[in-house]
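Here are my comments on the model, point by point. Please read them with the structure open.

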Amino acid sequence: GSEMCIRDSLSMTYSLSAGFKGQNASIYIQSTEFEDKTGNSDNLKTNTLGVSFGFNYSDTLTGSAGAALSAIDNLHDKTKEKINSYNLSASKIIIKDKLYSQLWAYWNTDSNDIKTVDIDEKKASLEFTYQFNFNTALTVGFNRQSYVNDADTSQNRTQTGANLRVAYSF
């Protein structure tokens, strides 16, 4: 039988990374063109710029940060959408071999020029882990997230929570 291509996608990615003494950085650029020959989906052109950084500030403090910025052109209806995401994390040894903390944060925005999508989403978590011995640990954590969609406010929400975990390995 013959083969028929119903969707075409072409992506080009360029990246550059560098590291020095426990620090690292990277950047990438990606361009994608998507064509749906079935007519079920719109044809899209997407351009993304991404950056990330990692660091070891000391023997007890490490972290990372990054961002991805995307622009999507809908070639059918000529709308433009922007999706941006940012993240941050850090780990700290408070007492060597006993007490650790971790922090995570995330921010995502998604909007288009005709205002059918307008989202702002944020999440953050902070945890502390106490290591009783080599196989038992207790983690206490706190988190908060908010989701705001100006195009559909019925989806808006804010949540705050806490967690408690016991880890035992054998």
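**Notes on the fold and its charged contacts**

1. Secondary structure. The protein has nine strands and zero helices. Both are DSSP runs numbered from the N terminus, helices being H or I of at least four residues and strands E of at least two. In sequence order the pattern reads β-β-β-β-β-β-β-β-β. The radius of gyration is 22 Å, well over the 15 Å that the globule rule gives for 170 residues, so the protein is more spread out than a compact globule. That radius is taken over C-alpha atoms, and the rule is 2.2 Å times the number of residues to the power 0.38.

2. Basis. This is a predicted model, in which local features need pLDDT of at least 70 and side-chain atom pairs count only at pLDDT 80 or more, while totals for chains, interfaces and linings use all residues. Residues are numbered from 1 along each chain as its sequence is written, and side-chain values use heavy atoms, with hydrogens and water left out.

3. Overall dimensions and surface. The C-alpha trace spans about 60 × 45 × 35 Å along its principal axes. The protein exposes about 11800 Å², and carbon and sulfur atoms supply 58% of that area. Areas come from the Shrake-Rupley method with a 1.4 Å probe; for residues, only the protein chains shown count as cover.

4. Of the 170 residues, 19% count as buried. Buried means under 20% relative accessible area, exposed over 50%, and partly exposed in between (1.4 Å probe, protein chains only). Among contacts with a separation of 6 or more, 40% join residues 24 or more positions apart. A contact means heavy atoms within 4.5 Å.

5. Charge. There are 16 positive and 19 negative side chains, and the centres of the two sets lie 10 Å apart. Lys and Arg count as positive, Asp and Glu as negative; His and the chain ends are not counted. Each charge is placed at NZ of Lys, CZ of Arg, CG of Asp or CD of Glu.

6. Salt bridges. The count is four. The rule asks for a side-chain nitrogen of Lys or Arg within 4 Å of a carboxyl oxygen of Asp or Glu. One of them pairs K122 with D120 at 2.8 Å, N to O. K122 is partly exposed, at 38% relative accessibility. Another joins K123 to E121 at 3.7 Å, N to O. K123 is partly exposed at 36%, whereas E121 is buried at 16%.

7. A bridge between strands. Which residue does E127 meet in a salt bridge? The partner of E127 is R165, at 3.0 Å, N to O. E127 lies in strand β7 (residues 118–133) and R165 in strand β9 (residues 157–168), so the pair ties together parts that are 38 residues apart in sequence. E127 is buried, with 10% relative accessibility. R165 is partly exposed, at 39%.

8. Are they buried or exposed? N112 is buried at 11% relative accessibility, and D110 is buried at 13%. Leaving out residues up to four places away in sequence, N112 touches K80, E81 and V117. With neighbours within four places set aside, D110 is in contact with E81, K82, I83, V117, D118 and I119.
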